[in-house]
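Here are some notes to read alongside the structure, written as numbered points. Keep the model open and find each residue as you go.

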Amino acid sequence: MAHSSKHFLFILFSTISIIPFSHQLQHPLDSLTPNEFIQVQTIVKQSYPTSNHNLTFQYMGLEEPNKHVVISWLENYSTTPPPRQALVIARINHKTHEIIVDLSHNRIISDQIYNGYGYPLLTFEEQNDADQLLFKYAPFLASISKRGLKIEEVVCESFAIGWYGEKKKNGRIVKVVCYYLDGTVNLYMRPIEAITVTVDLEQMKIIHFRDRFMIPVPKAAGTDYRESEQRAPFGPQLKGITVVQQDGPSFTTDGNRVRWANWDFHLSFDARAGPIISLASIYDTEKHKFRRVMYRGFVSELFVPYMDLTEEWYYRIFFDAGEYGYGLCAVPLEPLRDCPANAVFMGAFVAGQDGMPKEMPNVFCIFERNAGDIMWRHTETMIPEVNVTEVRPEVSLVVRMISTVGNYDYINDWEFKQIGSIQVRVGLSGLLQVRGSKYTHKDQIHEEVYGTLLAENTLGAHHDHFLSYYLDLDVDGESNSFVKSKLQTTRVTDHSSPRKSYWKVVSEAAKTESDAKIKLGLESADLLVVNPNKKTKMGNLVGYRLIPGSVTGPLLTDDDYPQIRGAFTKYNVWVTPYNKSEKWAGGLYTDQSRGDDTLATWSSRNRRIENKDIVLWYTLGFHHVPYQEDFPVMPTLSSGFELRPANFFEYNPVLKVKVPNVVRWPNCSI
């Protein structure tokens with residue numbers, strides 16, 4: 001659904017690599033290096049020579065070391081780092097293999113065949129090969145010709161087919177849909193409707209073709225979003241604005257370790273998850289040490305079900321991380337557009353279908369944000385003849401990646417604030433999935449069309465976006481509890497006050513997983529992860545609070561097949577005991593999955609979570625009803641959440657933060 005870039009642009013003083021340099025000590029959580037990708041590929045191919053084995057690499061990444069080993073190493077850097085291992089998910093002779101390669105000993109230490117439901121990530125190469133089959137397939141060429149379209153202007157893409165209750169396993173198949181250019185680059189606004197092509201990826205051949213009817217292809221006029229193609233009248237142009245740090249950035253990087261202000265964290269890249277934030281710790285000036293907040297955090301799954309039930313659309317149910325790779329779909333960031341002038345860029349590597357490393361330039365940018373926000377302030381007006389005004393401007397650090405999964409662009413920000421907060425945001429932009437239609441005006445519509453008429457012959461389909469975040473919080477240590485502090489309305493019955501009511505806080509620690517499942521919006525409550533073994537001087541448990549953004553839950557019925565596969569969206573909040581193998585909310589094998597290996601199924605065991613090493617899962621969502629302002633390209637729509645200190649510090653941690661140095665401009669009177 002997307003393509004990877006092949007050329008790496010080094011921007012002097014502003015571009016670094018996510019791959020550690022050879023002179024640096026390799027961190028146990030670093031992504032695989034290009035040499036390690038090659039080493040893994042060589043080892044696997046030695047066991048399965050391609051001369052007599054059909055071998056494709058569907059995923060290759062770091063086999064995460066055991067958590068206790070990493071923490072032990074962190075506490076004593078002089079010890080030998082944990083052995084480097086790689087996880088390979090490969091298709092070998094049409095079977096799925098889970099292979100663990102020990103890079104230190106140069107050998108395979110585990111090779112298991114997976115026989116369950118679901119298949120691994122789709123690769124770009126096999127999707128492209130499937131798409132190209134259509135251009136040599138006579139019935140498809142005839143369908144294009146009878147519509148009066150030029151075959152050289154047709155572009156196609158492959159979609160996973162999902163699961164709809166069938167008992168027998170389908171093979172690895174995709175459905176291919178096509179679009180028309182001819183006067184625009186906005187192919188998604190010009191769908192070629194009513195043609196369904198099914199491709200068997202293992203045999204790489206078309207196994208089903210159907211052309212039901214002809215619908216007009218929407219017009220190209222007004223769909224091109226390129227700046228060079230726009231014509232007057234234009235909107236008002238703003239005067240120049242930029243961010244300049246004449247002394248350079250305030251953050252430093254050591255390999256993949258980032259240090260800024262009072263924060264210290266590790267940043268890595270994964271083909272499936274994209275950015276992974278690890279070992280996020282904050283310096284406590286009162287205790288004179290760094291205290292860990294989060295061991296690991298990343299996007300676990302992105303579930304996008306469409307609501308159109310027509311034959312060519314009902315299967316458009318996407319699991320963008322598990323089927324296509326949220327990291328694989330990362331795109332190079334545009335300096336001065338995607339990221340401000342003071343940004344530093346980082347590249348990464350992934351493995352291709354042949355197992356060889358592929359460079360992905362500028363997939364991350366890191367920058368300090370000074371947007372004119374206020375961190376804290378007060379003006380005292382009650383003291384006679386004394387004027388007191390204290391203000392501290394907000395400056396934060398942002399780590400950004402953009403994943404373009406087909407038509408949608410997801411802008412992912414991890415923002416670190418000096419107050420101790422981690423603010424996580426995602427912005428949705430890009431292009432809608434639209435269906436070609438006979439309608440040219442809303443008044444003509446007297447049936448269910450599953451969307452909004454955005455332009456002539458163009459229906460924007462209703463759909464959802466649900467992002468599930470894996471948040472392994474270690475609040476001042478691994479043993480944590482999840483506490484729900486309800487704000488409870490209480491009536492005054494003893495005439496002790498003229499008031500009739502007030503609210504109080506009633507806190508309860510979740511003992512098991514079922515206690516921690518929460519649908520937001522049903523009641524007022526603070527949600528906290530606390531360390532029950534540590535208290536402040538005032539006797540409060542140290543903790544961090546989850547502050548949700550928009551409250552959205554699924555509207556599909558529990559027995560609908562897409563919802564069975566995406567059952568992790570039923571609750572906005574889940575808490576599970578830490579388990580290294582439980583990382584992907586939609587299951588490890590998401591393509592054609594059946595909902596038997598999801599966050600919902602793990603949590604049904606109802607394990608104990610009080611005073612344990614626990615993982616917080618948070619799902620945010622969007623119900624997207626398209627509007628005409630979303631055409632032809634969608635202005636960014638954002639949501640997110642915040643992890644904020646809650647009695648973690650003894651007092652305001654930014655009380656003594658100094659104002660950043662003032663930048664003196666020539667001929668400026670300030």
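1. Let us begin with the second largest cavity, which holds about 160 Å³ of space. Please keep in mind throughout that this is a predicted model. The lining of this cavity is made by 16 residues, and those nearest its centre are L328, V350, A351, G352 and Q353. Click on these five names to find the spot.

2. Which elements supply at least two residues each to the lining of the second largest cavity? They are β2, α3 (124-133), β16 and β17 (357-369). The largest share comes from β2, with 4 residues. Sorted by class, the lining of this second largest cavity has 9 nonpolar, 5 polar and 2 charged residues.

3. How many cavities of 30 Å³ or more turn up in a search of the whole structure? The search finds 7. The largest cavity has a volume of about 210 Å³. It is lined by 23 residues, and Y59, G61, L62, F269 and D270 are the closest to its centre. If you wonder how such spaces are found, rolling a probe the size of a water molecule over the atoms shows where empty space is left.

4. At least two lining residues come from each of β2 (55-62), β12 (263-270), β14 (289-305) and β16 (344-351). The strand β2 gives the most, with 4 residues. So β2 is the top contributor to the lining of the largest cavity, and β2 also has the largest share in the second largest cavity, because the elements compared here are DSSP runs of helix and strand. By class, the largest cavity is lined by 15 nonpolar, 3 polar and 5 charged residues.

5. Now for a pocket. The second largest pocket contains about 870 Å³ of space. Its lining counts 26 residues, and Q245, N370, V395, P660 and N661 lie nearest the centre. What classes make up this lining? There are 12 nonpolar, 10 polar and 4 charged residues.

6. I383, V386 and V388 make a nonpolar patch of about 210 Å². One of these residues, I383, sits in the loop between β18 (374-380) and β19 (388-393). Is I383 buried, partly exposed or exposed? I383 counts as partly exposed, because its relative accessibility is 41%.

7. P384 is also found in the loop between β18 and β19. Its relative accessibility is 68%, so P384 counts as exposed.

8. G521 is exposed because its relative accessible area is 65%. Between the C-alpha atoms of G521 and P548 there are 10.0 Å, while along the chain these residues are 27 apart.

9. Now to the backbone. Most residues other than glycine have a negative phi, and most peptide bonds are trans. Where does this model have a cis bond instead? One joins A232 to P233, with omega near 5°, and P233 lies in the loop between β9 (205-211) and β10 (252-254). Another cis peptide bond joins F631 and P632, where omega is about 0°. P632 is in the loop between β32 (612-624) and β33 (634-646).

10. Finally, look at two residues with a positive phi. H94 is not a glycine, yet its phi is about 70°. You will find H94 in the loop between β3 (85-92) and β4 (95-102). H94 is partly exposed because its relative accessible area is 44%. N457, also a residue other than glycine, has a phi near 65°. N457 is placed in the loop between β24 (451-455) and β25 (458-461). Is N457 buried or exposed? With a relative accessible area of 8%, N457 is buried, because buried means under 20%.

Technical notes:
Residues are numbered from 1 along each chain as its sequence is written. This is a predicted model: local features need pLDDT of at least 70, side-chain atom pairs count only at pLDDT 80 or more; totals for chains, interfaces and linings use all residues. Side-chain values use heavy atoms; hydrogens and water are left out. On a 1 Å grid over the protein atoms alone, a cavity is a set of points where a 1.4 Å probe fits but cannot get out, and a pocket is an open set with protein on both sides within 12 Å along at least five of seven lines; lining residues have an atom within 4 Å of a point. Grid points are joined across faces, edges and corners, and a volume is the space filled by probe spheres set on the points. Ala, Val, Leu, Ile, Met, Phe, Trp, Tyr, Cys and Pro count as nonpolar, Asp, Glu, Lys and Arg as charged, and the others, Gly among them, as polar. Patches are made of residues with over 30% relative accessible area and no salt bridge: like charges are joined within 9 Å, nonpolar side chains (Val, Leu, Ile, Met, Phe, Trp, Tyr) within 5 Å. Accessible areas come from the Shrake-Rupley method with a 1.4 Å probe; for residues, only the protein chains shown count as cover. A salt bridge is a side-chain nitrogen of Lys or Arg within 4 Å of a carboxyl oxygen of Asp or Glu. Buried means under 20% relative accessible area, exposed over 50%, partly exposed in between (1.4 Å probe, protein chains only).
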